[in-house]
Every structure is written in structure tokens, then in C-alpha cells.
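User: Can you take me through the aromatic contacts in this one? Start wherever you like.

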Amino acid sequence: MPGSITHLKAAYLYIDGSSEEPSEFYLGSVSPDSVNLKGHAEKAIRWPAHLRDRDLNVWLSNAEAFWKQSRDTVVNLSFLKGYLFHIITDIVWDTYFEGELFELFDAVGIPTERRKAMRWAELDGYEEPQARLPWFTETVLPALSVAKPESVGTLKRVEVALWRDRIVYERVEKGGRSRFINEAFMNRFFNKVSETADSVFGI
């Protein structure tokens, strides 16, 4: 699963130049991970927050169904779309790109038991320099800081607000450099996320 900066980069690229309300879309795009506010939440909490299913096709169907059920009744449509965009981003990562990254690890002899730790190290190495670029510091961060939190699905508004504030005011620099994840890899990922989101939202 990508981290917050990657989710926000995907969201930024998706709505850039569109009429989407950015603040609420950005907040929605990081909101499912608010369940991890007190540390990595247990599966019984994380999975419902992400509409998760072990079968990736069912997981995508869950997102599509939630969109169709909620789009005509929700007060804040941009926040709802952002919330589902986060889930779509996770689905695309798990379906197409995590396996590709693991194949790169295998090719250089990284042991299977180190895969998850290496995945996070790679994503952290990608995200750290991204968080210093203008797309984040001048566009996303100011918009995110004034976004109004909502409750959606199993998510609680107050936890979404606290998660927003953690990203805006308390982000911890993790350092490191990515060895396998580069701009070409991430651009393919972002393009696939946008393509899948268009399909889910019926665009």
C-alpha cells in the first residue's frame, strides 16, 4: 500500500485542471488510513475502512457499488470521490505494481521475508523528495490544511481531522533513497490509477 504522499500525488495528478473541489478531494484521498491514527490498526478495522476484500476483483466491485449507492445522497461529493480514489489507488498498487516491485527484489536476491520492509523503504525513498516539491508544498498542503473532515463508511470525522493535521503539521521525515521505484515506474502507476478511477466514476 502506498503512503500518504503517494496518495496525494495520485490525487493531485487526477484532479489537476479539473473542476473538482481540491481540498475535500485531497482529504478524502488520505482518509481511509485515519484508522491507523494510534498505530497500525488491526485487520478487522482496516479492511472495512478500505472496503477491502481478499479477492482484488471483489474489492474493486465494492468500491464501484459504494460509489453508486452514495453519490446521490452524500453531502460532500468531492470528499466521497477522494475516499474512493484512495481505495482505487490501493487496489491498483496491489493488482499491478506490488508484484512487479517484488520481481525486481527477487532479481537482485532480496529474501522473500524482507519484501514488505523493502517495499516501505522504497516508497519512503520516493515520497521524501516529493514532499519538498511545489506540487505538495504550494498546492496540496495549503488546500489540505483547510479541508473539512467528514464521516464516511466506517470512518469517523474526528479521526479524519486528526489524520489531516498529522500529515499537514506533524509529518516525520524518513530519509533514504529509492533504488527500484523511479519516475517511470510511478508515472505508469499514476496513469493506471487515473484510468481505473475514470472507469469507477463513469467518466
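Analyst: This is a predicted model. Tyr 14 and Phe 201 are both buried.

User: How far apart are the ring centres of Tyr 14 and Phe 201, and at what angle are the planes?

Analyst: The centres are 6.5 Å apart and the planes are at 50°.

User: Where do Tyr 14 and Phe 201 sit in the chain?

Analyst: Tyr 14 is in helix H1 and Phe 201 is in helix H9 (residues 183-201).

User: Which residues are in the cluster linked by ring pairs?

Analyst: Tyr 14, Phe 25, Trp 67, Phe 85 and Phe 201.

User: What lies over the face of Phe 201?

Analyst: Lys 81, at 5.1 Å from the ring centre.

User: And which charged end sits over the ring of Trp 47?

Analyst: That of Arg 52, 4.8 Å from the centre of the Trp 47 ring.

User: Back to rings. How many aromatic pairs does the structure hold?

Analyst: There are 15. One of them is Tyr 12 with Trp 135: the centres are 5.6 Å apart and the planes are at 35°, so the pair is tilted.

User: Which helices does that pair link?

Analyst: Tyr 12 belongs to helix H1 (residues 4-15) and Trp 135 to helix H7 (residues 134-145). The two residues are 123 residues apart, in distant parts of the chain.

User: Are Tyr 12 and Trp 135 buried or exposed?

Analyst: Both Tyr 12 and Trp 135 are buried.

How values were computed: Residues are numbered from 1 along each chain as its sequence is written. This is a predicted model: local features need pLDDT of at least 70, side-chain atom pairs count only at pLDDT 80 or more; totals for chains, interfaces and linings use all residues. Side-chain values use heavy atoms; hydrogens and water are left out. Rings of Phe, Tyr and Trp (its six-membered ring) pair if their centres lie within 6.5 Å; planes under 30 degrees apart count as stacked, over 60 as edge-to-face and the rest as tilted. Helices (H or I, at least four residues) and strands (E, at least two) are DSSP runs, numbered from the N terminus. Buried means under 20% relative accessible area, exposed over 50%, partly exposed in between (1.4 Å probe, protein chains only). A charge sits over a ring if NZ of Lys or CZ of Arg is within 6 Å of the ring centre and within 35 degrees of the ring normal.
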